[in-house]
Amino acid sequence: MPNGLHSIHHRLFLLFLFCMSGILLIVSLLYYNRTTQQFHEKIGDLSQKNVAQTAGLFGLLYEGYDSLSKSLSNNFELIRLLNEPADEPAVAYIIEQRVTDIIGAIFYSRDDLVGIHVITDKGKIYNYGNYMNVVDPDYPKQDWYRRVKASSGKMVWLGVYEHSLIDQVEDSPVFAFGRQIYDLNEHKPIGIALYEMNPQPVLDALDNLKLGEHSEVYLMSEDGRVVSSGAGQEPPEDLRRLPLTGREDVFVEEEAGRLVVASRLPLSGWSVVSVTPDRDLNVELVEMKRYLLIVISILILVSALIASIVSRTFASPLKKLIREMKQVEIGNFRGMLKVSSYQEINILVASFNRMVNRIKELIERVKLSSVSEKNAEIHALQSQVNPHFLYNTLDMIYWMLDEKEEDQLGELVLALSSMFRYSSQWEEGAEVTLREELEQTGHYLKIITIRFDGRLHIQTGIGERLMDFHLPKMTVQPVIENAVKHGLERVDRPAVLKIYTEEEERVLRVIVEDNGSGMDTEKLRLLQESLDRSGTKENGKGGIGLQNLHRRLKYMFGDAAGLKIDSAPGIGTKVAIIMPLPRKE
């Protein structure tokens with residue numbers, strides 16, 4: 001699989017396209033199948049109605065033809081004349097004229113009659129038609145004659161023929177039926193009456209069953225003989241054995257690519273069969289299928305366009321996010337990523353922006369922390385000046401003063417030696433306990449107390465349970481040093497320096513408070529602003545001052561830590577070293 005197909009854009013595009021196309025195809029297939037089923041059901045219903053209508057038409061035809069056939073068989077004058085002996089030519093002529101008149105009257109009573117033929121058992125034939133009649137001499141051998149002779153007096157439908165059954169001159173199509181003529185006195189047949197009608201009403205009734213131009217309609221007798229065929233050909237053999245049992249049965253079956261509709265006609269016992277191929281039935285379905293294919297093709301193209309747009313709305317912001325992440329990988333924190341997409345993606349991008357900003361801040365903090373720690377270490381090293389030699393020299397001075405019983409000077413030298421040892425051990429780490437920091441601060445305060453010659457009073461209030469709290473090295477001393485240098489040295493009244501702690505809401509405050517000269521509002525503002533500046537030098541002479549201490553506290557504990565200064569001219573200054581307390585287990 002190409003690498004491009006692994007992207008979320010292509011995956012989402014294919015997913016949306018397949019889902020929408022699949023749903024579209026399934027719905028179209030179900031719709032087509034349902035429409036096809038309903039269409040065939042309607043065709044079946046229509047066929048049944050057509051069959052019922054055709055059966056009704058044939059019923060009317062049967063009744064009319066039956067009435068016509070009875071007009072001769074029930075004519076007593078005609079029966080008398082046919083039974084009258086015609087030994088003399090004059091009598092025979094008169095009988096023939098009278099019979100011809102009776103037949104002619106009936107012939108002219110209907111417009112659809114082609115010919116009427118009366119054949120007696122004695123071999124005498126009486127004809128009446130549109131033309132001069134030429135009787136087929138072989139008529140007694142014909143099937144139609146035997147069928148009429150074999151009947152029991154009911155009308156016999158013979159079917160549709162291409163020409164007259166008995167008249168060799170009449171070559172137009174005819175619908176023929178016959179009936180025996182009975183002598184009602186002696187109850188014996190004396191002849192038959194053959195009627196030949198215009199077949200158009202029968203053919204029109206059969207055409208009513210056609211459902212398409214390729215439909216084939218058959219009129220079949222009780223014995224399976226084709227009486228009339230609209231297609232002019234013999235039906236398939238299986239149509240001769242249709243399961244028609246009742247006189248009003250309607251048979252509808254769709255099989256082998258065709259629709260077969262059959263019904264038994266009332267009265268006559270004949271059946272009509274209509275065979276319609278699927279190509280005629282499915283003309284509308286083929287058009288609908290073509291229309292559906294066009295619509296489906298258009299909808300699939302629209303689905304592809306929608307899938308492309310939707311997948312892009314997902315993939316485009318994610319691609320931007322990936323490009324920005326690659327920039328972050330190589331260390332390029334170039335800016336904020338701006339996208340406008342779905343809520344979840346917007347949240348993801350916002351989280352990424354916050355993460356990048358946080359990483360950028362942490363990197364800057366680490367850089368500044370490293371610089372500050374290095375600067376503090378350099379200043380500490382600068383103050384060592386061959387520390388071992390300095391320690392030994394201070395120890396020697398202390399013992400010399402002790403021998404001379406200069407206790408105060410000895411304590412001063414010992415405190416100075418401890419201070420140098422504490423500051424020169426920076427390589428062991430910049431983090432100490434509050435106890436160690438206060439011990440170091442005590443050495444410094446001892447020197448300051450001697451220096452102030454009793455004019456400085458120190459007050460402390462440190463809780464014992466906070467002595468193991470870890471904080472940066474050289475945290476308290478710079479604050480005390482600033483209080484002495486900038487506050488207490490300038491006053492001519494007794495100096496007071498307070499060192500105590502406050503604990504509130506998981507925050508520890510180590511407070512250094514003096515009653516020195518203090519600062520006015522402008523100077524205090526400038527000092528507070530200088531705490532947050534990015535430089536590493538203090539104003540003037542450089543050292544581990546308040547600015548450096550404030551920045552180191554933030555690097556170690558976060559933005560919540562640092563220094564807070566309050567001061568007022570003539571009252572003094574209060575500096576709070578703020579550090580968060582660790583959570584209790």
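## Salt bridges, surface patches and a buried helix

Glu464 is exposed, with a relative accessible area of 54% (exposed means over 50%, buried under 20%, and partly exposed in between, using a 1.4 Å probe and protein chains only). You are looking at a predicted model, where local features need pLDDT of at least 70 and side-chain atom pairs count only at pLDDT 80 or more, while totals for chains, interfaces and linings use all residues. Residues are numbered from 1 along each chain as its sequence is written, and side-chain values use heavy atoms, leaving out hydrogens and water.

**Salt bridges**

- A salt bridge here is a side-chain nitrogen of Lys or Arg within 4 Å of a carboxyl oxygen of Asp or Glu, and the count comes to 17.
- Glu464 pairs with Arg435 in one of them, at 3.2 Å from N to O.
- This pair links distant parts of the chain, 29 residues apart: Glu464 is in the loop between β12 (456-461) and β13 (470-472), and Arg435 is in helix α11 (residues 434-452).
- Helices (H or I, at least four residues) and strands (E, at least two) are DSSP runs, numbered from the N terminus.
- Arg435 also meets Asp468 in a salt bridge, at 3.9 Å from N to O.
- Asp468 lies in the loop between β12 and β13 and Arg435 in helix α11, so this pair ties together parts 33 residues apart in sequence.
- Asp468 is exposed at 54% relative accessibility, whereas Arg435 is partly exposed at 32%.
- Within helix α13 (residues 521-531), Glu529 and Arg525 sit four residues apart, about one turn of the helix, and their side chains form a salt bridge of 2.6 Å, N to O.
- Glu77, Arg80, Glu84 and Arg98 are linked in a network of salt bridges.

**Helix α14**

- Which residues of α14 are buried? They are Leu546, Gln547, Asn548, Leu549, His550, Arg551, Arg552, Leu553 and Tyr555.
- Nine of the twelve residues of α14 are buried, so the rest of the structure largely encloses this helix.

**Surface patches**

- Patches are made of residues with over 30% relative accessible area and no salt bridge, joining like charges within 9 Å and nonpolar side chains (Val, Leu, Ile, Met, Phe, Trp, Tyr) within 5 Å.
- Ile294, Ile298, Val302 and Ile306 make a nonpolar patch of about 340 Å².
- Ile298 is in helix α7 and is partly exposed, at 48% relative accessibility.
- Arg312, Lys319, Lys320 and Arg323 form a positive patch (Lys and Arg count as positive, Asp and Glu as negative, and His and the chain ends are not counted).

Conventions: Accessible areas come from the Shrake-Rupley method with a 1.4 Å probe; for residues, only the protein chains shown count as cover. The place of a charge is taken as NZ of Lys, CZ of Arg, CG of Asp or CD of Glu.
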